[in-house]
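Dear colleague,

I am handing over a structure that you have not worked with before, and below it I have set out what was found. Please read the notes with the structure open beside you.

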2 protein chains.
Amino acid sequence: MAVRVDLNVSLDGFATTTDQSPENPFGEDWSRLTAAYVATKTFRERVLGDRSGAGTTGVDDRYAAAYFEEIGAEIMGAGMFGLHTFPDDPEWKGWWGDEPPFRCPVFVLTHTARPSITFDNGTSFHFISATPHEALARALEAADGADVRIGGGASVARYFLAAGLVDQLHVAIAPILLGSGIRLWDDLRGLEAGYQVTSETAESGTVHVTFRR
Amino acid sequence: MAVRVDLNVSLDGFATTTDQSPENPFGEDWSRLTAAYVATKTFRERVLGDRSGAGTTGVDDRYAAAYFEEIGAEIMGAGMFGLHTFPDDPEWKGWWGDEPPFRCPVFVLTHTARPSITFDNGTSFHFISATPHEALARALEAADGADVRIGGGASVARYFLAAGLVDQLHVAIAPILLGSGIRLWDDLRGLEAGYQVTSETAESGTVHVTFRR
């Protein structure tokens, strides 16, 4: 029953990109930041619904598969769900189409009440106005013994990390410099204390760093 | 005849630490940032003059040895030489004792004139008030066909990187978060374009990332 964070970060530490526009709602930086992850077989199957078996199967794919294992509930910020990009669309159901890859309850932190959304594959989105501690208590209850993931974005993950609530942090560092966005590492001096930190490089050039209690 | 940069950086991107004090002129953060490098056999021999053969001999040591190979001249900032820490000591000869590990001409960027210092082992320090381009021209001439290293600190290295003057950048990323200091990566968006980037992890947990033209 661990609380986990998995994020893609650039070599200069940006985990949330900020070059989104109505024409390009993810932004070019996000595509570059997540390129190695998006290329994996697991991402293609689980997130894109591609059953062809295409995609990379090396180190990046091993982490991509682990990303989805043992997660019983997720917490994400309003920005990650898309509420900052599409604030006026009451029908907005997230970025992930009709089969969101989560397959568990997802708690979206927002001060604006919205009805819950339920999908056939086990994914449900619940919009809650709560402190991180309150949200975590709800997610742990919903996870019923499985792990809880703090999905992001960077500010939400950093909040939970700074509060000492995270048992395992995995970052996939893309060897690129974005120069702008939201930094994951700000104000986390000494975070490594209390964790074992291991690193592994992937064929793509991505460096996977894992902090484990 | 390449221009090279080799730096230790923290996971949050700090390459120069700023917690120095008269009582602790390197600072605790610097010790933590460079711990894996300082532990190598090469550092102990070349920098500390330890002939006992002690020190680590794995991946970190391989990079430590490469650090000194083929360098014909070096450029460093006044802070790296110690002029900011000991501005009023005309006898200051740097941090490195009677056998500085450089064994080549070192050009120290400073606006304050000082006489050159020469050591028996081939190291000499020359204090020059010059633009980075001018300093590089002098260092390339002194190197006489060998490589030139931009030694640091972070601001000096970043200046040369941003100016497109660096052929090879090696950073040894320590898996620690310092939270303060001088960032290497600021304002270097897109630096990776024009370089091949490779990564390798060491037994110490250090991640070695190399940009090569």
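What rotation, and what shift along its axis, superposes chain B on chain A? In this predicted model, the answer is a rotation of 180° with a shift of 0.0 Å along the axis, and the RMSD of the superposition is 0.0 Å. The two copies are thus related as by a two-fold rotation axis, and in chain B the C-alpha nearest that axis belongs to Thr201(B), which lies 3.4 Å from it. Because 100% of the interface residues of chain B are also interface residues in chain A, the copies meet through the same surface.

For chain A, the UniProt record (an unreviewed entry) places the feature "domain: Bacterial bifunctional deaminase-reductase C-terminal" at residues 3-188. That span is 27% helix and 24% strand, and its end C-alpha atoms lie 17 Å apart. Within strand 1 (residues 3-10) of chain A one finds Arg4(A), which counts as buried because its relative accessibility is 6%, under the 20% cut-off. The side chain of Arg4(A) makes a polar contact of 3.0 Å with the side chain of Asp147(A), and, if residues up to four places away in sequence are not counted, Arg4(A) also touches others, including Glu69(A), Glu70(A), Arg149(A) and Gln168(A).

In chain B, helix 6 (residues 132-143) has twelve residues, which at 1.5 Å a residue should span 16 Å, and this agrees with its end C-alpha atoms being 16 Å apart. The buried residues of helix 6 of chain B are Pro132(B), Ala135(B), Leu136(B), Ala139(B) and Ala143(B). They cover an arc of only 100° around the axis, and therefore sit on the same side of helix 6 of chain B. Their packing partners in chain B include strand 1 (3-10), strand 3 (71-77), strand 7 (147-152) and helix 7 (154-162). Helix 6 of chain B is followed by Asp144(B), whose phi is positive, near 55°.

Finally, Thr110(B) is found in the loop between strand 4 and strand 5 (117-118) of chain B, and with 10% relative accessibility Thr110(B) counts as buried. A polar atom of the side chain of Thr110(B) lies 3.0 Å from the backbone nitrogen of Thr112(B). Leaving aside neighbours within four places in sequence, Thr110(B) is in contact with Ala78(B), Leu83(B), Phe127(B), Ile128(B) and Ser129(B).

Technical notes. Residues are numbered from 1 along each chain as its sequence is written. Chains are lettered from A and ligands numbered from 1 in the order in which they are written. This is a predicted model: local features need pLDDT of at least 70, side-chain atom pairs count only at pLDDT 80 or more; totals for chains, interfaces and linings use all residues. Side-chain values use heavy atoms; hydrogens and water are left out. Helices (H or I, at least four residues) and strands (E, at least two) are DSSP runs, numbered from the N terminus. The expected span of a helix is 1.5 Å times one less than its number of residues. Buried means under 20% relative accessible area, exposed over 50%, partly exposed in between (1.4 Å probe, protein chains only). The arc is that of the directions from the helix axis to the C-beta atoms. Contact means heavy atoms within 4.5 Å. A polar contact is a pair of N or O atoms within 3.5 Å; within protein, one must be able to donate a hydrogen and the other to accept it, and residues adjacent in sequence count only if both atoms are side-chain atoms. UniProt positions are given in the numbering used here, feature names are shortened, and annotations may be inferred rather than shown by experiment. Copies are superposed by least squares on the C-alpha atoms of residues with pLDDT of at least 70 in both.
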